[in-house]
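Reader: Could you walk me through this structure slowly? I am new to this and would like to ask things as we go.

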Amino acid sequence: IMLYRLIGAIYKSGYEQVKIKFENSSQLETIYDVLRKTCIGFEIIEQSKNYIIIKEISKPEHHEFENVLRRNFLFLLSVTKDSLESVKKQDFDELKNITLRDHNINKYSDFCRRILNKKSISEFSKNAPLYCIIEQVEKIGDMYRDICQYISENKINLTKEEIDLYERINEFVSDFYEIFYKFSLDNVEEFGKKQQEILKLLSGSDSENKQIHYLLNNIFKTTFDLNGALMTYKL
């Protein structure tokens with residue numbers, strides 16, 4: 001796990017070439033797996049018995065940032081929408097397939113963070129909150145992956161109340177996307193009102209499935225917590 005994270009950190013930090021030593025085939029497989037799933041533009045250019053050299057063979061273009069960032073948001077929204085539809089249809093196989101989309105969210109998120117670390121997109125003071133937003137969007141993607149995996153593996157049929165809550169939280173995630181691209185203080189205030197409404201739903205929920213409640217609550221809280229970084233970035 002830590003080797004996986006280490007390579008991801010190297011990529012996001014902006015290094016253009018790195019030599020990585022490994023001790024066994026398992027570690028080498030992990031390195032290949034990370035490069036296959038993320039690290040856009042990184043390729044292995046040399047491999048020996050106990051090390052490999054990875055190099056950036058195609059540079060991330062500054063002008064691609066906005067397109068990739070929006071694509072990442074839209075990919076997350078497709079996960080929210082399609083996972084809910086699969087939950088309603090009790091399509092557990094499709095839910096398992098949807099978990100695989102998290103690889104794309106991770107890949108796009110890493111790409112955006114690498115660009116931010118290599119070259120400022122805006123003035124320096126705005127890079128930190130933007131980086132935070134991208135990182136949290138990736139975490140929200142992970143949470144949707146977890147809830148899809150949990151429902152799929154355990155063949156859980158959600159109650160109407162749970163489905164309604166799932167739908168409201170999906171809408172809340174979509175609201176954040178709208179505010180990010182159409183920012184106004186009025187929209188932020190409305191976002192806060194919706195947060196209070198969902199809080200009441202969560203506190204009044206009598207769902208017997210504590211894990212579903214926990215995962216949905218985490219998605220909701222993480223999404224709302226983005227408002228601080230968003231206002232710092234936009235104001």
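Reader: Which residues is I151 in contact with, apart from its neighbours within four places in sequence?
Author: Leaving those neighbours aside, I151 is in contact with V87, F92, L95, I156, L158 and I212, where contact means heavy atoms within 4.5 Å. Please keep in mind that this is a predicted model, in which local features need pLDDT of at least 70 and side-chain atom pairs count only at pLDDT 80 or more, while totals for chains, interfaces and linings use all residues. Residues are numbered from 1 along each chain as its sequence is written, and side-chain values use heavy atoms, with hydrogens and water left out.

Reader: You mentioned F92 and L95, so which residues of helix α4 are buried?
Author: In helix α4, which covers residues 92-99, the buried ones are F92, L95, I98 and T99; buried means under 20% relative accessible area, exposed over 50%, and partly exposed in between, with a 1.4 Å probe and protein chains only. Helices here are DSSP runs of H or I with at least four residues, and strands are runs of E with at least two, numbered from the N terminus.

Reader: And where do they sit around the axis of α4?
Author: Seen down that axis, the buried residues of α4 fall within an arc of 110°, so they line one face of the helix, the arc being that of the directions from the helix axis to the C-beta atoms.

Reader: New topic: how many disulfides are there?
Author: The structure holds 0 disulfides, a disulfide being a pair of cysteine sulfur atoms within 2.5 Å.

Reader: What about aromatic pairs, how many does a search of the whole structure find?
Author: The search finds 15 aromatic pairs, counting rings of Phe, Tyr and Trp (its six-membered ring) whose centres lie within 6.5 Å, with planes under 30 degrees apart called stacked, over 60 edge-to-face and the rest tilted. One of them is Y11 with F42, whose ring centres are 5.2 Å apart and whose planes stand at 85°, so this pair is edge-to-face.

Reader: Which parts does that pair tie together?
Author: Y11 lies in helix α1 (residues 2-13) and F42 in strand β2, so the pair ties together parts that are 31 residues apart in sequence. Y11 is buried at 1% relative accessible area, and F42 counts as buried at 4%.
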